[in-house]
Every structure is written in C-alpha cells, then in structure tokens.
Amino acid sequence: MIGVVPALDSYEGEHVRGFTFLGGKGPGADLFLSFHELRLAAQRRAAHYAAAGLVRGDRVAVIVPEGEHFIPAFLGALWIGLIPVPLYPPVSLGKLDAFMDALVTILNVAKPRVLVTTERVGKVLWPAVGRIPSLERVITSEELAREPAGPLPKAVAVRDDEVAFLQFTSGSTALPKGVMVTHGNLAANTHAIVVHGLKADGARDICVSWLPLYHDMGLIGCVLAPVCHAIPSVYIPTLSFIKNATLWLETLHKYRGNLTFAPNFAYALVTKRAKPEQIARWDLSHVRVFGCGSEPINPHTMRAFVDAMAPAGLKPSALLPCYGMAEATLAISFVGVDEPLRTDRIDEERYHREATAAPAANGSAALEIVNCGRTFPGHEMSVQDDDGRILPDRQIGEICLRSASVTPGYWQDPEATRAAFRNGWLRTGDLGYLVDGEVFISGRIKDILIVNGRNYYPQRIEWLVDDIQGVRKGSAVVFTRPGRASEEIVVAAESRAEDAAAVKTEIVARVSEEFQLAVADVALVAPGTLPKTSSGKLQRRKTREQYLNGTLGRAGRNGNARLALARHLALSLVGRARHEVRKLFGG
Amino acid sequence: MADRIDVIEMFKQAAFEVDNRRLPDLKGETVIATLGMDSVAIMELVSWFEEKLSLRIPDEELGHIRTVRDLRDTVARLAPDRQFAA
C-alpha cells in the first residue's frame with residue numbers, strides 16, 4: 001500500500017508513463033506529462049505555496065477547470081502537507097449568483113488562506129473573494145506554473161492520520177459538510193481500487209476519464225489511484241464531454257484506453273448521441289472496465305449501452321457496477337472484473353411491506369436491483385437495522401462500513417461526524433441488502449436526490465415550490481422516480497387551484513430556473529391528502545411510495561389517512577410501518 | 001447578402017434536436033433556465049450553437065448568459081463578421 005506523496009516522490013526518472021491532457025496544448029493538440037514531469041510540476045507549485053507563507057495544515061482552495069493545471073496544483077499542495085479543497089468551476093449557463101453563494105458558504109467552512117484559480121476564472125470569481133475573510137490572496141495557475149525563485153521543496157513525510165484534502169459534497173446545501181480524507185484513507189482506498197477491484201497494472205492498462213476533477217470518482221478514482229500505481233491516464237475536459245459525449249468513446253478508441261468510470265447518466269447520454277457510423281469505426285474490444293457508480297444504476301440503461309456498443313466489440317463483462325461515497329474515500333464495492341451485469345429480481349410487495357428482499361416469483365410484481373459486488377479485503381460492510389443490529393442476508397437495512405478507507409469525519413463539524421457513526425460503523429444513509437457478501441442498493445435513507453451525478457437536497461426545492469402561487473404552503477414534496485435512463489425528479493404538492501396546468505407549468509419553470517433540474521412530473525393533489533406524520537410533517541418516502549404505486553392523493557382527508565395507516569400497520573409488524581408507530585408515539 | 005442569423009429560430013431548432021423540446025413561445029427575453037431543460041441538455045445546446053456558427057463560447061462567459069438575448073449578444077460579439085437579427 002502506498003500513499004500519494006511517496007508514490008509521486010518515487011517517479012524521478014519515469015519518462016515513459018504519465019498523463020495525457022486532451023487539448024492541453026490548444027485546440028486539437030494534446031499535452032503529455034510523464035510521471036517524472038508531473039513530480040517536477042507538483043514540486044514547482046509546492047515551492048510557490050511555501051514562498052506564499054503557507055504551512056502544513058493550511059487549506060488551499062483550488063478552482064481550476066483544466067486538468068493539466070488542476071492536477072499539479074493539487075499534488076503540489078499534498079507534497080508539503082497543505083490541505084487542498086477542490087471545488088467545481090462556474091461553467092453552467094446563467095447560474096453565476098447561485099454558484100457564488102455556494103462557493104462562499106463552502107469556503108467559509110474550509111477557511112482557506114489561498115485560492116488557486118486560472119486568470120480567466122479568477123475574473124469571474126473576484127466578487128466572491130471579498131466575502132471570504134480567511135482568504136489572504138489569490139494565486140493563478142499561470143503564476144504557479146512559472147519557475148519558482150527558491151529551491152524545490154522535498155516531499156514531507158505525511159502521517160496516515162493526517163488530513164490530505166477536504167471533499168465537499170457536490171450539491172448545494174445550506175450547511176456544506178467537508179469530508180476529511182486522510183493520507184491513510186487515500187493509500188487504503190486507491191490500493192483497494194487498483195489492486196483488488198481492477199486488478200490493474202500500469203504496464204498494461206490505460207485509464208480514460210472525463211469526470212470532474214473536484215469530484216471523488218474523478219479525483220480519487222481517475223487521478224490519485226493512477227498516481228499511486230503509475231497507471232497512464234488520459235483526461236478529457238469535462239465540458240468537452242458534456243458538449244459532445246461521443247468524445248469519451250472516441251478517446252478510449254484512439255488511445256487504446258481500457259479502464260474508465262462514469263455515472264449512470266453518462267451511459268444514457270453517450271448511447272443516445274453515438275451515431276451508427278461512429279460505433280462501426282470504434283474498436284472498444286480492448287476495454288476491460290466500464291465502471292458505473294456514484295448515482296443509482298439503471299439496469300435498462302446499462303443493457304442499452306452494451307447492446308448499442310456491441311458492433312464496436314464491447315464485451316458485456318466490461319461493465320462494472322460499483323458502489324461508493326466520499327465518506328468511504330471513494331470505493332466501497334466492485335463486482336468482479338470479468339463478470340457481466342447481474343441483477344436481482346425481488347418481490348416488490350414484500351420489499352415494501354416486510355423490508356425483505358425475497359426473490360420474486362414469476363409473474364409477481366418485481367423490483368430489479370443491480371448487484372454492486374463485494375467490498376475489498378480489509379474492508380467490512382454490514383446491513384443494520386435502526387438500532388444498529390446487524391441484519392441477516394436479504395433483510396433491508398442501512399449499509400454500514402468499517403475500514404481504513406472510512407473518513408474520520410467532517411471538517412470542524414463534530415455534530416455531523418457523531419451523527420454519521422454508530423458503534424464504530426459509518427452509516428452510509430443508503431438502504432440495501434447483502435447476499436453472500438454481495439451488496440444490492442435499493443434506496444436512500446437520507447433524502448438526497450442524485451440526478452446526473454449531482455446531489456440535490458429536496459428541502460431546498462420544496463421551499464421554492466411552496467412559494468409558488470396556487471401551491472398550498474408547506475405541502476410540496478420532491479423525490480425521484482426511476483426514469484427511462486436515469487433518476488427523474490417528481491414534485492408532489494397540494495393545490496386548490498382551478499388552473500392546475502398553469503401551476504404545473506410554473507413549478508417546472510421555477511425549479512428549472514433555480515436548480516437546472518428537469519421536472520419529469522408534477523402531481524397536484526387535493527389539500528390534506530399527502531401523507532404526514534402525527535406532528536404534521538410531510539413524509540417524503542411515503543409520498544414517493546404512494547406515487548409509485550398509484551395511490552397518491554387517494555387517501556382522502558386526515559381521517560382516511562389514519563385509516564390507511566392502521567391498515568398498513570395491520571398488514572405488517574416489521575418494515576416501514578414500524579417507523580410510523582415510533583413517530584406516532586414519539587419513539 | 002446572406003440572411004441575417006435568427007438566434008431565436010436557431011434556439012428552437014436546437015432545443016428540438018438536442019432535447020426533443022418544442023418551444024413555440026420562445027422570445028428574446030425568455031430566461032433559458034426556465035425552459036425545463038437540465039444542465040446537460042443546456043450544455044449540449046450551447047455546443048450545437050458553437051458547431052453551427054463555428055465559434056467557441058469561453059467557459060467563463062457561460063455564467064453570464066441568462067436569456068436567449070444574452071446568448072444572441074454573446075454569439076454576435078464572437079462572430080463580428082456575421083449579421084444577426086435583433
């Protein structure tokens with residue numbers, strides 16, 4: 001097991017292997033940096049940081065879109081024990097104000113002394129700088145690339161428990177939490193990914209990634225893991241991929257890349273965009289791993305991708321569903337590298353009623369859940385009930401983790417850290433079950449919506465919808481449903497409005513404007529019919545359940561809702577109903 | 001002289017091609033983010049314009065584009081030798 005800094009330090013003289021940046025030398029001209037050059041580039045940045053007076057443990061915010069500038073700036077900080085805070089650049093249409101607010105909130109938690117950005121992005125960020133009191137100066141990536149005046153610093157000997165960097169969650173939230181990723185976490189998780197998960201070898205494998213570099217899968221999976229294990233990698237600017245998704249497969253073809261990762265939505269997008277003549281031209285037969293993670297995996301999307309790319313020689317076994325989260329550094333489980341996509345069909349009725357994942361009988365309503373494989377040697381995974389008892393196979397509960405990859409907690413947030421752990425186990429907030437050590441993720445306890453790889457907090461969308469004329473105050477509920485390709489947003493709300501169509505149009509427009517989220521459906525129901533707790537709080541999970549099984553809004557007034565609850569209780573002593581009882585009696 | 005480039009009409013065509021979306025009521029002052037397209041579709045639409053007009057909108061300018069007219073003004077500025085409808 002080797003950490004990022006010692007690995008990088010060992011690359012003096014490694015001139016053959018390295019990183020390639022598409023368009024890094026201008027349009028159409030790719031830039032190659034050998035690992036030897038990468039080490040030197042990181043050292044140069046470290047010298048500039050040291051000259052700016054930064055010392056071990058100081059935070060450095062990094063907002064740099066281009067990989068060829070971002071990676072050396074990030075590694076240079078690790079080199080001398082600084083704590084980089086990578087953040088996403090402002091690249092969406094017309095969202096500058098919201099971006100700035102989120103940026104200021106995050107950085108006022110991280111309290112960096114320096115912000116590293118590019119000259120061009122810096123101009124846009126300038127108004128935010130004055131709102132971050134800890135910031136002493138802004139250094140551009142152009143300045144960092146210059147030859148430093150002083151000597152190149154030696155790598156510091158980092159401790160395993162020392163914080164390497166802070167990973168803020170990708171969505172915007174009122175109180176952002178920064179996951180502390182230690183040097184020991186990085187060594188453990190990149191080892192698990194490369195050695196156990198991918199069985200990868202830097203002499204044979206090439207990674208291709210368009211993933212954002214500020215995000216765990218892009219940064220840890222496709223930059224730091226390759227750094228630790230000397231795997232040549234090719235980077236596509238994220239925006240280039242979003243604008244032209246086929247560039248991803250084109251690059252795998254051109255550079256003979258054989259390892260790549262992406263969230264579910266990217267597979268849907270590229271399947272939609274790839275033209276038959278491109279597919280006929282591509283050779284994807286050498287690709288060993290098309291990893292899929294970081295948002296719920298839709299088996300239909302995956303099958304459509306495999307079918308569409310069959311003419312390019314794609315091996316169905318290349319698909320590699322995986323499960324991970326920032327709090328576990330990145331990877332939690334992978335399926336075996338030579339296994340095809342496997343799913344489990346479980347009885348829908350028993351899942352909802354008994355919290356049991358019983359194999360579905362032919363003809364009965366079934367849920368299809370993707371097998372996300374096993375966790376790695378030295379990593380433990382269990383499914384626990386609300387009281388922290390470990391559940392047997394095929395019982396639905398919360399996925400919990402214990403390993404050297406698990407974060408010590410959130411940056412200067414002991415309360416959130418305490419809430420994330422129980423009896424030494426990290427609570428993932430994901431619902432699922434185990435079968436012979438293989439994990440199946442069926443939903444989320446935390447009400448986070450994940451769409452196109454980004455996290456959204458339903459409360460914030462609900463607050464917006466609540467303010468729309470025609471919507472009953474405090475009645476909006478937002479959740480996701482499985483879409484054709486990825487998860488889709490559904491808004492449910494109570495309304496008395498005569499013109500329901502106008503209210504729906506307004507909801508779609510406002511949510512879209514504020515969050516750049518497409519609302520797939522708006523369900524307007526009569527006042528008093530959305531499921532609430534005894535204290536009048538809306539129940540998001542229950543609303544979603546009713547929406548999905550077609551009973552939303554049919555409960556009638558509160559009396560009927562109570563009757564429905566009583567019936568629900570009578571049907572089952574376990575599962576969801578038990579939650580209701582606890583809430584009713586304040587348990 | 002070639003016809004003036006009508007960004008509103010182009011936008012309608014782009015929204016249909018990229019996102020299968022018909023926008024008969026689109027106006028210059030329409031805020032793009034209210035059209036119900038997600039962020040990926042919007043970036044694909046930007047790319048569609050870049051390709052059709054053979055230009056590139058710098059990433060850091062994207063944040064300033066709110067309305068269809070903002071988009072028109074940006075592309076008109078980036079292609080000074082072409083004629084755009086108001």
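**A residue, a chain and a contact**

Modeller: Happy to! Let me start with A:Glu142, which sits in helix H6 (residues 141-145) of chain A; helices are DSSP runs of H or I with at least four residues, strands are E runs of at least two, and both are numbered from the N terminus. This is a predicted model, where local features need pLDDT of at least 70, side-chain atom pairs count only at pLDDT 80 or more, and totals for chains, interfaces and linings use all residues. Residues are numbered from 1 along each chain as its sequence is written, while chains are lettered from A and ligands numbered from 1 in the order in which they are written.

Biologist: Is A:Glu142 buried or exposed?

Modeller: A:Glu142 counts as exposed because it has 12 C-beta neighbours inside 10 Å (exposed is 12 or fewer other C-beta atoms within 10 Å, buried 20 or more, partly exposed in between, with C-beta atoms placed from the backbone).

Biologist: And what does A:Glu142 touch?

Modeller: Leaving out residues up to four places away in sequence, A:Glu142 touches A:Thr118 and A:Glu119 (contact means C-beta atoms, placed from the backbone, within 7 Å).

Biologist: Switching topic, how many helices does chain B have?

Modeller: Chain B has four helices and zero strands. Buried residues are 37% of its 86 residues.

Key: Contact = placed C-beta atoms within 7 Å.
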